Amino acid sequence: MIATKRNCLAVILAAGESTRMKSSRSKVLHPVAGRPMIAHVVDALAAAGISDIALVLGRDADKVEAAAQNPAVTSSVHIQTERLGTAHAVLAAREAIAKGYDDVLVIFGDTPLVTEAPLTAARAGLAGGADVVVIGFEAADPTGYGRLIVENGELLAIREQKDASAAERAITYCNGGLMAIDGRKALDLIGRIGNANAKGEYYLTDIVEVVRAAGGRAIAVAAPEEELTGCNTRAELAVIERLWQQRRRRQMMLDGVSMIAPETVFLSYDTRIAQDVTIEPNVVFGPGVTVESGAVIHSFSHIEGAHVSAEAEIGPYARLRPGARLGAGAKVGNFCEVKQAEIGAGAKVNHLTYIGDAIIGEKTNIGAGTITCNYDGINKHLTRIGANAFIGSNSSLVAPVSIGDGAYVASGSVITTDVPDDAVAFGRARQENKAGRAVLVRERNQAAKAARKKAAE
Ligand code: UD1
Ligand code: CA
């Protein structure tokens, strides 16, 4: 919800070198729950009803711009060629800010846990008459953060760690890096910021003292630390992933999903799971999964790009790859892999099977060890199996091939031509029994053993 009718530009700062990330790409491209960090920030802005975004980019600008695309927002790109500090970075977006906005919100591209609440709170502070609103948090460990110096409800200054006195370093109320600025004054205020500090950088945080010197007002609004957790290193990235997972699992459980050991279930940013689904321990969801009501996901399953209909059952140890679509009540059991295939309602694929590029009808039973041979080394081919069919164990279905409704395939068959409806296909050598031959074999073996023993004496 938008707090006011005021319009807003969000400036996302993401021009940093990501030095501490030790990475060949910009840190904001690193994924959290399978989605680039910066995309999470854009999602939060969109959720807060903010649709105009200025991206301040440096390294990997094209890739970051692509990762920040979102149908709910319009974004402009501004390249910060020199990295002279956060105030300098905001001024890279001068052209966008100069278009004239009531609110300018500055946010960092490396805070992917932010939600709409602090964004809206910062804007509400402007609507309430402040010229600058800083979102702060109580830090468990304030090391490295700018400290908020507050007196009688007024924010007097933000002191960066390197410039802080011992007394200031003892402050635990910190700058979360999210700031709302009166849009009509922003360029003037930021333009007055100097670089006389320990790092010789233009600090956006100095805007607090600048606005007060100009007779304006700055305030701080508190938000939970989690929302403002920044990502500078891969260790922090892992912490952010953990916090994201905890938050989403909790939300899912509150929405009616059962998880026996939630801390062992890993979700993607877009995982959608309906009420009354049960998820056993150790399950991983890649992107693009929807699971409908009443389905059960047994332990150690790995699911991505798949749709699981109501009352279906997966695993234990099942792998659903992109394009797997399970009908209602279908079963995909242990050590089965399904890719780009439709498994009809009530069909069963229960043991040690690979189904790729296939359409399987309702209530068909696929025996243990069945393989769709979908790939000829160059192309992928389709296997079609009708409804109520029965595929005997350890059969190879060499695609392209069709097996009709109600057909049977004998165990161990290699099926290379179509099987009509209700036919039984034997695609294997006929068995031959030699009467009494086992006795001869045994006698011969025993004679050989005796000869060996004698030679050794
Ligand atoms: C900053 C704040 C600090 C706050 C902390 C919260 C300043 C001076 N300090 O410190 O008060 O507690 O964030 O996480 O603002 N960036 C650019 N161009 C630049 C410099 C930075 O785009 O020239 C971008 C970075 O890519 C990053 C963001 O600005 O996304 C913050 O920069 P960073 O160096 O991480 O600031 P901190 O030292 O963490
Ligand atoms: Ca940072």
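Let's start with strand E10, which gives four residues to the lining of the largest pocket, the most of any element. Keep in mind as you look around that this is a predicted model. Along with E10 (173–182), the elements that put two or more residues into that lining are E1, H3 and helix H9 (234–254). Sorted by class, the lining has 20 polar, 14 nonpolar and twelve charged residues.

So what takes up space in the largest pocket? Ligand 1 does. Around the ligand there are 20 residues, and Gly16, Gln80, Thr86, Glu160 and Asn175 come nearest. Strand E1 (8–14) and helix H3 (86–91) each bring at least two residues to this shell. Its make-up is nine polar, eight nonpolar and three charged residues.

Now zoom in on the ligand's oxygen atoms. One of them is 2.6 Å from a side-chain N or O atom of Glu160. At Gly85, a polar backbone atom is 2.9 Å from an oxygen of ligand 1, and at Leu84 a backbone N or O atom lies 3.5 Å from a ligand oxygen. Altogether, the protein covers 92% of the 760 Å² of accessible area that ligand 1 has on its own.

There's also a second largest pocket, with a volume of about 380 Å³. Here H9 gives the most, with six residues, and helix H1 (37–47) supplies at least two. Val114, Thr115, Trp244, Arg247 and Arg248 lie nearest the centre, out of 16 lining residues.

Definitions and conventions
Residues numbered from 1 in each chain as written. Chains lettered and ligands numbered in written order. Predicted model: local features only at pLDDT ≥ 70, side-chain atom pairs only at ≥ 80, totals over all residues. Heavy atoms only, no water. Near = heavy atom within 4 Å. Polar contact = N/O pair within 3.5 Å; in protein donor to acceptor, adjacent residues only side chain to side chain. Areas by Shrake-Rupley, 256 points an atom, 1.4 Å probe, with all protein chains shown as cover. 1 Å grid on protein atoms, 1.4 Å probe; cavity = no way out; pocket = protein on both sides within 12 Å on 5 of 7 lines; lining within 4 Å. Sits in = over half its atoms within 2 Å of the grid points. Nonpolar A, V, L, I, M, F, W, Y, C, P; charged D, E, K, R; others polar. Points joined across faces, edges and corners; volume = space filled by probe spheres on them.
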